Amino acid sequence: LGGVMLVGVVVTMLCIYVWCRSAMPENMQKNGGTGSSSFYDAFIAPCCGDRFLRKHLGTDLQVGGWLFFGPTAVATVASLALVCVDPTSFDAWSFFVQLALFSVGAGLLLRSMYPPAMEETPLL
């Protein structure tokens, strides 16, 4: 269990690094104001850079958003199993609600990064 926790912490810290690095002013100004694309240029473009991946992982902020949304969406569904196993458990319900809210927030962050919604409020 300790090894799993250690791997989880390291992966989470790497995700936060990608996300926070993309929020630095000098990185947000790169590529004509669309943001830096260091992750895409280093890892995706050399092996499988196509139009679809460029649209969804073209900037470091998008990569950070997907790194947060993907695992939290999966964890939200998995935490629903805890609620089904013990519906009277406060811990199971609080874990599920926290993950669901975090998933919604990460999804709204992703929605705000795509061109039709870039200049709009994510909820509208």
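Let's start with Phe-69, which is partly exposed at a relative accessible area of 25%. This is a predicted model, so keep that in mind as you look around. Trp-66 is also partly exposed, with a relative accessible area of 33%.

## Aromatic pairs

How many aromatic pairs turn up in a search of the whole structure? The search finds three. One of them joins Trp-66 and Phe-69: the ring centres are 6.0 Å apart and the planes meet at 75°, so this pair is edge-to-face.

Hop over to helix 7 (residues 90-111) and you'll find Trp-93 and Phe-96, three residues apart and separated by about one helical turn. Trp-93 is partly exposed, with a relative accessible area of 39%. The rings of Trp-93 and Phe-96 have centres 6.2 Å apart and planes at 80°, so this pair is edge-to-face too.

## The overall fold

Now step back for the whole chain. The protein has seven helices and zero strands, and reading along the sequence gives the pattern α-α-α-α-α-α-α.

There are 124 residues in the protein, and 27% of them count as buried. Take the contacts with a separation of 6 or more: 43% of those link residues 24 or more positions apart.

Which residues make the nonpolar surface patch of about 290 Å²? They are Leu-6, Val-10 and Leu-14. Val-10 belongs to helix 1, which covers residues 2-22. With a relative accessible area of 41%, Val-10 is partly exposed. That figure is over the 30% a residue needs to be part of a patch.

## Gln-62, tucked away

Back in helix 6, have a look at Gln-62. Is Gln-62 buried or exposed? Gln-62 is buried, because its relative accessible area is 6% and the cut-off for buried is under 20%.

Gln-62 also touches quite a list of residues, leaving aside those up to four places away in sequence. Arg-54, Lys-55, His-56 and Leu-57 are among them, and so are Leu-110, Met-113 and Tyr-114.

## A loop and a link across the sequence

Ala-23 lies in the loop between helix 1 and helix 2, the latter covering 25-28. At 44% relative accessibility, Ala-23 counts as partly exposed.

How many residues separate Ala-23 and Asp-60 in sequence? The answer is 37, while in space the two are 8.7 Å apart, going from C-alpha to C-alpha.

## The cysteines

Last stop: sulfur. The structure holds zero disulfides. To count as one, a pair of cysteine sulfur atoms would have to lie within 2.5 Å.

Cys-20 is partly exposed, with a relative accessible area of 35%. Cys-84, on the other hand, counts as exposed, because its relative accessibility is 60% and the cut-off for exposed is over 50%.

Note on methods. Residues are numbered from 1 along each chain as its sequence is written. This is a predicted model: local features need pLDDT of at least 70, side-chain atom pairs count only at pLDDT 80 or more; totals for chains, interfaces and linings use all residues. Side-chain values use heavy atoms; hydrogens and water are left out. Buried means under 20% relative accessible area, exposed over 50%, partly exposed in between (1.4 Å probe, protein chains only). Rings of Phe, Tyr and Trp (its six-membered ring) pair if their centres lie within 6.5 Å; planes under 30 degrees apart count as stacked, over 60 as edge-to-face and the rest as tilted. Helices (H or I, at least four residues) and strands (E, at least two) are DSSP runs, numbered from the N terminus. Patches are made of residues with over 30% relative accessible area and no salt bridge: like charges are joined within 9 Å, nonpolar side chains (Val, Leu, Ile, Met, Phe, Trp, Tyr) within 5 Å. Accessible areas come from the Shrake-Rupley method with a 1.4 Å probe; for residues, only the protein chains shown count as cover. A salt bridge is a side-chain nitrogen of Lys or Arg within 4 Å of a carboxyl oxygen of Asp or Glu. Contact means heavy atoms within 4.5 Å.
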